[in-house]
Number of protein chains: 2
Amino acid sequence: MKKSIFYHAGCPVCISAEHDMIALIGAEGVEVVNIGEEKARIAEAESAGVVSVPALVAPNGNVLHINFGASMEDVKG
Amino acid sequence: MKKSIFYHAGCPVCISAEHDMIALIGAEGVEVVNIGEEKARIAEAESAGVVSVPALVAPNGNVLHINFGASMEDVKG
């Protein structure tokens, strides 16, 4: 199965949502990307439709924005 | 395993998120509640911390607000 990608930026809201989503989906189904650290992947996240973090891009391409930790502008600093 | 509860109100954002979450978690792990139709369960959702729909209440009690379809005030009409 194609993996989901969970984008976050290390904020408390992000980490909490990450733990919950991994508990629900299973770690093997999710790639976790910290775009606060891996800034090279910010463009990839934006291109997928991510406008805030935490967000999960499902295998079908749909973006699920989960709660609200930070906007992409915040992440870019 | 204790089930998650997915609260929604029938809006297009809700239905899309419902399909995505069920694809990710599996239908057997999620109870789906349409609080637009089952208005008696609005209080239960609010008590769990749901402030907008769609939202998933995880087995650990954490509330994941997924995208934004409608506020609880909208649902109450």
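Analyst: Over all chains, a search of the whole structure finds 8 salt bridges, a salt bridge being a side-chain nitrogen of Lys or Arg within 4 Å of a carboxyl oxygen of Asp or Glu. This is a predicted model, in which local features need pLDDT of at least 70 and side-chain atom pairs count only at pLDDT 80 or more, while totals for chains, interfaces and linings use all residues. Residues are numbered from 1 along each chain as its sequence is written, chains are lettered from A and ligands numbered from 1 in the order in which they are written, and side-chain values use heavy atoms, with hydrogens and water left out.

In chain A, the side chains of A:Glu46 and A:Lys76 form a salt bridge with an N to O distance of 2.8 Å. A:Glu46 belongs to helix H2 (residues 42-48) and A:Lys76 to helix H3 (residues 72-76) of chain A, so this pair ties together parts that are 30 residues apart in sequence. Helices here are DSSP runs of H or I with at least four residues, strands are runs of E with at least two, and both are numbered from the N terminus. A:Glu46 is partly exposed at 33% relative accessibility, and A:Lys76 is partly exposed at 38%. On this scale, buried means under 20% relative accessible area, exposed means over 50%, and partly exposed lies in between (1.4 Å probe, protein chains only).

Chain B has a salt bridge between B:Lys76 and B:Glu46, whose closest N and O atoms are 2.8 Å apart. B:Lys76 lies in helix H3 (residues 72-76) and B:Glu46 in helix H2 of chain B, so the pair ties together parts that are 30 residues apart in sequence. B:Lys76 is partly exposed at 37% relative accessibility, and B:Glu46 is partly exposed at 31%. Back in chain A, salt bridges that share partners join A:Glu31, A:Arg41 and A:Glu44 into one network.

Leaving aside neighbours within four places in sequence, B:Glu46 is in contact (heavy atoms within 4.5 Å) with B:Met72 and B:Lys76. The C-alpha atoms of B:Glu46 and B:Val63 are separated by 10 Å. A further salt bridge joins the side chains of B:Arg41 and B:Glu44 at 2.9 Å, N to O, and B:Glu44 is partly exposed at 32%.

B:Glu18, in helix H1 (residues 12-25) of chain B, is buried yet has no salt bridge. The nearest side chain of opposite charge, B:Lys3, is 12 Å away, where Lys and Arg count as positive, Asp and Glu as negative, and His and the chain ends are not counted. Beyond four places in sequence, B:Glu18 touches B:Phe6, B:His8 and B:Val32.
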